Amino acid sequence: MSESSVDTIRLHAWLRRIEAGDLAARDELLGGVCRRLEGLARKMLRRFPRVGRWAQTDDVLQNSLLRLLRALQDIRPDSMRSFYGLAAAQMRRELLDLVRHFYGPQGVGANHDSQADTPNRGALNPVENTDGDADLEQWSAFHEAVELLPAEEREVVGLVFYHGWTQGQVAELFGVDERTIRRRWRSANLKLFEALKGFTSDLTD
C-alpha cells in the first residue's frame with residue numbers, strides 16, 4: 001500500500017465508513033496511517049530532545065493513538081483535512097502532558113536533567129531549555145494560542161509544524177494554490193507572535 005493511496009483513496013473510504021458508524025473502520029484507518037503518525041512522533045522527539053531522554057517514540061505514538069481512538073468515538077471527521085486536524089490536536093495534548101510530566105516541579109526531568117545548558121532553538125522548542133514553571137507556562141501558552149487560531153490557519157499550522165507537511169502538500173490537500181497556504185501561514189505567525197508577546201519569533205525555527 002503506497003502512502004499516496006492511503007492519503008487519497010483508502011483514507012476517504014475509511015472516513016466514510018466511520019461516518020456510517022462502522023467501528024471496525026477506526027482500527028483499519030489507524031493501521032493505514034500508523035506509519036505517518038509514527039513519523040510524526042519521531043519528528044517531535046527530535047525537535048524536543050530533552051523529552052526524548054525520558055520517552056521513546058513508541059510511547060508517544062501509543063498514547064497519541066489512544067487519544068485519537070477516544071476522540072473518534074465522539075467525532076466523525078468528514079475528510080482527510082478533518083482527520084489530520086484531529087490527529088494534530090491529540091499530538092499537541094500528548095506533548096503538553098509529557099512536558100508537564102517530566103518537567104513539572106516533581107518531574108524526573110526537572111529534578112535530574114543534566115542538560116540545563118542546552119541552547120534555545122526558538123519558540124517552538126521551549127522544552128529544550130525548560131528550567132522552571134515559566135517555561136512550562138510559555139509552552140502551554142503556545143499550544144493554547146494554536147487552538148485559538150482561526151480554523152483554516154490552525155489546520156495549516158497543525159499539518160506543517162506537527163505533521164511535517166510542506167506548504168505545497170497542504171495546498172494540494174485543501175485544493176487551493178500554494179500562495180493561499182503561504183498567506184495563512186504568515187497570518188498564523190503574526191497572530192502567535194502577538195499572542196505570545198514576542199516569544200514565538202518564527203514558526204519555521
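**Figure 1. Thr57 in helix H4 of the predicted model.** Thr57 has its place in helix H4 of this predicted model. Thr57 has a relative accessible area of 17%, so it counts as buried, since the cut-off for buried is under 20%. Leaving out residues up to four places away in sequence, Thr57 touches Glu38, Ala41, Arg42 and Leu45.

**Figure 2. The protein as a whole.** The secondary structure consists of 10 helices and 0 strands. Read from the N terminus, the order of elements is therefore α-α-α-α-α-α-α-α-α-α. The protein has 205 residues, and 49% of them count as buried. Among contacts with a separation of 6 or more, 64% are made by residues 24 or more positions apart.

**Figure 3. The largest nonpolar core.** This core has 48 residues. The members that touch the most other members are Leu11, Leu29, Leu37, Leu68, Phe83, Tyr84 and Val170. Two or more core residues come from each of helix H1 (3-19), helix H2 (24-47), helix H4 (57-74), helix H5 (80-103), helix H7 (133-147), helix H8 (151-162), helix H9 (167-174) and helix H10 (178-195). H5 supplies the largest share of the core, 10 residues.

**Figure 4. Helix H9 and Val170.** Which residues of H9 are buried? They are Gln167, Val170, Ala171 and Phe174. Viewed down the axis of H9, these buried residues fall within an arc of 100 degrees, so they line one face of the helix. One of them, Val170, is also among the residues of the largest nonpolar core that touch the most other members. If neighbours within four places in sequence are left aside, Val170 is in contact with Val156, Leu159, Val160, Trp165 and Ile181. Just after H9 comes Gly175, which takes a positive phi of about 75 degrees.

**Figure 5. The largest cavity.** The structure holds 2 cavities of 30 Å³ or more. The largest cavity contains about 60 Å³ of space. Its lining is made of Leu37, Leu40, Leu61, Ser64, Leu65, Leu68, Ala87, Gln90 and Met91. At least two lining residues come from each of H2, H4 and H5. H4 gives the most, with 4 residues. Sorted by class, the lining has 7 nonpolar, 2 polar and no charged residues.

Figure 6. H5 and H8 are the elements that give two or more residues to the lining. How many lining residues does H5 give? H5 gives 9 residues, the most to this lining. By class, the lining divides into 7 nonpolar, 4 polar and 6 charged residues.

Figure 7. Glu19 lies in helix H1. Its relative accessibility is 40%, so Glu19 counts as partly exposed. Not counting residues up to four places away in sequence, Glu19 touches Arg76, Pro77 and Asp78. Glu19 and Arg76 are 57 residues apart in sequence, and the distance between their C-alpha atoms is 5.6 Å.

**Figure 8. Pro77 in the loop between H4 and H5.** Pro77 has its place in the loop between H4 and H5. Is Pro77 buried or exposed? Pro77 counts as buried because its relative accessibility is 4%. With residues up to four places away in sequence not counted, Pro77 touches Leu15, Glu19, Leu72, Ser82 and Phe83. One of these residues, Glu19, is in helix H1. Pro77 and Arg16 are 61 residues apart along the chain, and their C-alpha atoms are separated by 8.8 Å.

Terms used:
Residues numbered from 1 in each chain as written. Predicted model: local features only at pLDDT ≥ 70, side-chain atom pairs only at ≥ 80, totals over all residues. Heavy atoms only, no water. Core = buried A, V, L, I, M, F, W, Y, C linked by side-chain atoms within 4.5 Å. Buried < 20%, exposed > 50% of the residue type's maximum accessible area, 1.4 Å probe, protein only. Contact = heavy atoms within 4.5 Å. Nonpolar A, V, L, I, M, F, W, Y, C, P; charged D, E, K, R; others polar. Arc of directions from axis to C-beta. 1 Å grid on protein atoms, 1.4 Å probe; cavity = no way out; pocket = protein on both sides within 12 Å on 5 of 7 lines; lining within 4 Å. Points joined across faces, edges and corners; volume = space filled by probe spheres on them.
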